[in-house]
Amino acid sequence: MDKNKINSSLIEEIKKRRTFAIVSHPDAGKSTITEQILLFSNIIRAAGTIKARGSGKHITSDWMQIEKKRGISITGSAMQFNYKCFLINLLDTPGHEDFSEDTYRIITAVDCCLMIIDAAKGVEERTKKLINIARLRNTPIITFINKLDRDSKNPIELFDDVEKKLKISCIPITWPINCGRLFKGVYHLKDGITCIYKKHIMYNLIKTQIVNIPNLYNSLLDKYIGIDEVKTLREDIELINQCCLKFNHTNFLNGAITPVFFGSALNGFGVRHILQALINWGPCPTYRKTNCRIVYPNEDNFSGFIFKIQANMDSKHRDRIAFMRIVSGKYYQGMRLRHVRTGKYFILNDAVVFLARDRFLISNAYPGDIIGIYNHGTIRIGDTFTEGELINFIGIPNFLPELFRCIRLKNPLKQKQLLKGLTQLSEEGMIQIFRPLLNNNIILGVIGELQFEVVSDRLHQEYKIEAVYEYVNIFTVRWISCIDINIISQFKLNNSSNLAVDCNNNLIYLAPSMVNLNIISARYPEIIFSKKREYH
Ligand code: G4P
């Protein structure tokens, strides 16, 4: 095949791909929406949350069973499936107790985010944190306001909340007709269709029926939603048309505006609207920055980066899998790749794609796809793979840990194993390790509380070490840098009791309080106190 043909088939593959993650605060409905998306994509036949009336039983789809001791959940993985003529890569963001640095890094590997907001609660803390990460790269965000079948806040109040807390303008695409028990559906402002939501019972199951009625002035609406409510709806829509900004695709792609949809995931209502928005407006796989140039997806040469490592993903396969986001070119089975950090070349024969618990060997993959590579600890987060070019992707950083503990051995003779185990876990991105300059303590920094439990369990299982945690007086940390070596030397001399190094020997300041950090950073204006650190 000639080069032009290869490139045009690559472009076709790029155009049909969408790579996104769902971000939300726990309980906003992420799992329910994921299930509905898989349902509409014919991946599963029944949604886990549809309850069989009378029996009280859940018809569960087994991939969703958040499993396994040690907090290693399959939901922290990637799923690839078709929706209409598109190929979707959906990356799950561990949300409950297994919230970790991984969750942040997953956001750096997608091109678009679907933000779920509980209509009764508005923007919650976890959503804010995750969206702030998405906004580092101006990632486009589609918003779904969920649980309209329950009492909800007023839509305008919800818009204000999003705009104030997330600094992004809301553009309504659908508009709700009441909420709670009076919820009647939504009006689609772009399509000019009223989608009526009706619940009824069929074969002992509660089913949601959706009736689409074109034209806001259609007399059928009086029958379906009531004369007074139609009147209010028409007034609302007129007001929105006059006052709200219109959807602009460029502004959406720049992350300046978010299209907003309303619905009830549990009832499968409104989910098709967001899927349609994702395929119509969501970006195809986009470019990524490296330390020396920008890499575009339609480049002939293959490149990709690692954003996640998972150990023992499946008890049947005791291995480590590195998750790679393909940035450019085409992967084919048997291709020769360069592992840029080590400089080594190798033949990649066994890359896999994921669908929840299952993995499938693939022969080809394209930009936007997430492929898994088996390894025994040679691959690390942030690593770049190319066909030979010496570049390193940037923007896959270490994020600031939020919780800190000192780890100690019950049996001090096993210090070597402890360090080996912790180093491996830090390479997986599960924890960060800090070694104070003035003592032999080992301090762990994590983002989610569960990680501490996971670490002690894995140390016990895999390294036969019993470790205990002790309180440590650290409120936050900052990576330290300065171009003037003399200033750094002076800083080290004066603040050694608050300084440590991370596993790559980078200097880090351990602040016992925010006040302390503010004073120190004001005292040393030449020093940069950074909240994240690039791997390269
Ligand atoms: P998460 O992954 O974001 O943590 O949320 P998840 O989907 O697990 O949903 C959290 C709870 O909210 C679940 O109830 C779920 O059924 C419910 N939920 C999700 N979407 C809707 C909706 O549109 N309307 C209503 N009324 N509820 C919704 P649960 O009681 O915790 O679990 P379950 O017993 O229903 O499974």
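The model is predicted, so local features need pLDDT of at least 70 and side-chain atom pairs count only at pLDDT 80 or more, while totals for chains, interfaces and linings use all residues. Residues are numbered from 1 along each chain as its sequence is written, and side-chain values use heavy atoms, with hydrogens and water left out.

**The whole chain**

- The protein chain has 13 helices and 35 strands; helices (H or I, at least four residues) and strands (E, at least two) are DSSP runs, numbered from the N terminus.
- Of its 536 residues, 56% count as buried.
- Among contacts with a separation of 6 or more, 70% join residues 24 or more positions apart; a contact means heavy atoms within 4.5 Å.

**Around asparagine 89**

- Asparagine 89 sits in strand E5 (residues 86–91).
- Its side chain makes polar contacts with the side chains of threonine 19, at 3.4 Å, and aspartate 369, at 3.0 Å.
- A polar contact is a pair of N or O atoms within 3.5 Å; within protein, one must be able to donate a hydrogen and the other to accept it, and residues adjacent in sequence count only if both atoms are side-chain atoms.
- Not counting residues up to four places away in sequence, asparagine 89 touches Arg18, Thr19, Phe20, Met79, Gln80, Gly368, Asp369 and Ile370.

**Around threonine 384**

- Threonine 384 belongs to strand E25 (residues 384–386) and counts as buried because its relative accessibility is 0%.
- The side chain of threonine 384 comes to 2.9 Å from the backbone nitrogen of phenylalanine 393.
- Beyond its neighbours within four places in sequence, threonine 384 is in contact with Gly304, Phe305, Arg338, His339, Val340, Ile391, Asn392 and Phe393.

**Helix H5**

- The twelve residues of H5 (residues 155–166) should span 16 Å at 1.5 Å a residue, and this agrees with its end C-alpha atoms, which are 16 Å apart; the expected span is 1.5 Å times one less than the number of residues.
- Pro155, Leu158, Phe159, Asp161, Val162 and Leu166 are buried in H5.
- Seen down the axis of H5, these buried residues fall within an arc of 160 degrees, so they line one face of the helix; the arc is that of the directions from the helix axis to the C-beta atoms.
- Their cover includes strand E6 (112–118), helix H4 (125–134) and strand E7 (141–146).
- At the N-terminal end, asparagine 154 caps H5, with a side-chain oxygen 2.7 Å from the backbone nitrogen of isoleucine 156.
- Just after H5, lysine 167 has a positive phi of about 55 degrees.

**Helix H4**

- In H4, the buried residues are Arg126, Thr127, Leu130, Ile131, Ile133 and Ala134.
- Viewed down the axis of H4, they fall within an arc of 150 degrees, so they line one face of the helix.
- H5 is among the elements that cover them, as are strand E1 (17–24) and helix H3 (101–108).

**Helices H2 and H9**

- The axes of H2 (residues 30–40) and H9 (residues 271–281) come within 10 Å and cross at roughly 75 degrees.
- Axes are lines fitted to C-alpha atoms, for helices over the stretch in contact, and angles run from 0 to 180 degrees between N-to-C directions.
- H2 and H9 are therefore roughly perpendicular to each other, a term for angles of 65 to 115 degrees.
- Ile33, Gln36, Ile37 and Phe40 in H2 meet Val271, Arg272, Ile274 and Leu275 in H9.

Definitions and conventions. Buried < 20%, exposed > 50% of the residue type's maximum accessible area, 1.4 Å probe, protein only. Parallel < 35°, antiparallel > 145°, perpendicular 65-115°, else oblique.
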